[in-house]
Amino acid sequence: MEIQPLITQQQIAERVAELARSIREYIGSEDTVVIANLKGSVIFFSDLVRQLDHNLVSLDFMATESYQGTESSGEVRITHDLSINVAGKKVLLVEDILDTGLTLAAVNRYIKEVHRPSQLKVCVLLNKQERRCVDLKADFIGFEIQNQFVIGYGLDYQQKYRNLPYIGLFNPDTVV
Ligand code: IMP
């Protein structure tokens, strides 16, 4: 399948470095737990956290399921929970994409209510503002994109293409 690039590796690298600068300001000199919401954020998360202060940052993982095919099911299930106790700590949640916002709204609420961090901010690689159906904004945003289905750099179509090193436009007609 031919994949039309939307955001190149170089554009991603430059933007991740900028985001890391802003996130270092948020962290300041406080211990911070940086959480990847798996699986879509895994590549972005890996690039981002390596640019943060190694003395201050701990890493943890959550996993949620919400999507079937290219449409959100609207229901969000937590399939893997945190292993670090983040109560009273500063937290940064890293997400791949903010689409309808249903996943992030549910995960945000869950972390706040169940894990009770002192502060929770959210960093997303991609934002599809047009598709938003809940009142929600990420604190750090990599790129604004149109209402298009994208793959690569962690994002999948039916569990494939996550390891594509750039972000491409997904065209279901060219899939065999
Ligand atoms: P939301 O709950 O509608 O905001 O959807 C969030 C989740 O849907 C993301 O974490 C992705 O896993 C998935 N998703 C949304 N849009 C795309 C896309 O364009 N490509 C791949 N996955 C997507």
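Residues are numbered from 1 along each chain as its sequence is written, and side-chain values use heavy atoms, with hydrogens and water left out. Because this is a prediction, local features need pLDDT of at least 70 and side-chain atom pairs count only at pLDDT 80 or more, whereas totals for chains, interfaces and linings use all residues.

**The sheet.** Begin by selecting strands S1, S9 and S8, which form an open sheet in the order S1-S9-S8 with antiparallel pairing; strands here are DSSP runs of E with at least two residues, numbered from the N terminus, and two of them pair if DSSP finds at least two bridges between them. Strand S1 (4-7) and strand S8 (150-151) stand at the edges, each with a single partner strand, so one side of each lacks a neighbour in the sheet. Next, display S1 together with strand S9 (residues 167-169), where three bridges join the two in the antiparallel sense, and pick Ile-7, whose bridge partner in S9 is Ile-167.

**The rings.** Now show Phe-149, Tyr-157, Tyr-161 and Phe-170, which ring pairs link into a cluster. Rings of Phe, Tyr and Trp (its six-membered ring) count as a pair if their centres lie within 6.5 Å, with planes under 30 degrees apart called stacked, over 60 edge-to-face and the rest tilted. A search of the whole structure finds six aromatic pairs. In one of them, the rings of Phe-149 and Tyr-157 have centres 6.3 Å apart and planes at 85 degrees, so the pair is edge-to-face. Tyr-157 has a relative accessible area of 18% and is therefore buried, given that buried means under 20% relative accessible area, exposed over 50% and partly exposed in between (1.4 Å probe, protein chains only).

**The cysteines.** Select Cys-123, which is buried with a relative accessible area of 0%, and then Cys-133, which is exposed at 51%. The structure holds zero disulfides, a disulfide being a pair of cysteine sulfur atoms within 2.5 Å.

**A loop residue.** Finish at Leu-136, in the loop between strand S6 (119-127) and strand S7 (140-144), where a relative accessibility of 16% makes Leu-136 count as buried. Leaving aside residues up to four places away in sequence, Leu-136 touches Leu-98, Gly-101, Leu-104, Ala-105 and Asn-108, contact meaning heavy atoms within 4.5 Å. Leu-136 and Leu-98 are 38 residues apart in sequence and 9.3 Å apart in space, C-alpha to C-alpha.

Definitions and conventions
Helices (H or I, at least four residues) and strands (E, at least two) are DSSP runs, numbered from the N terminus.
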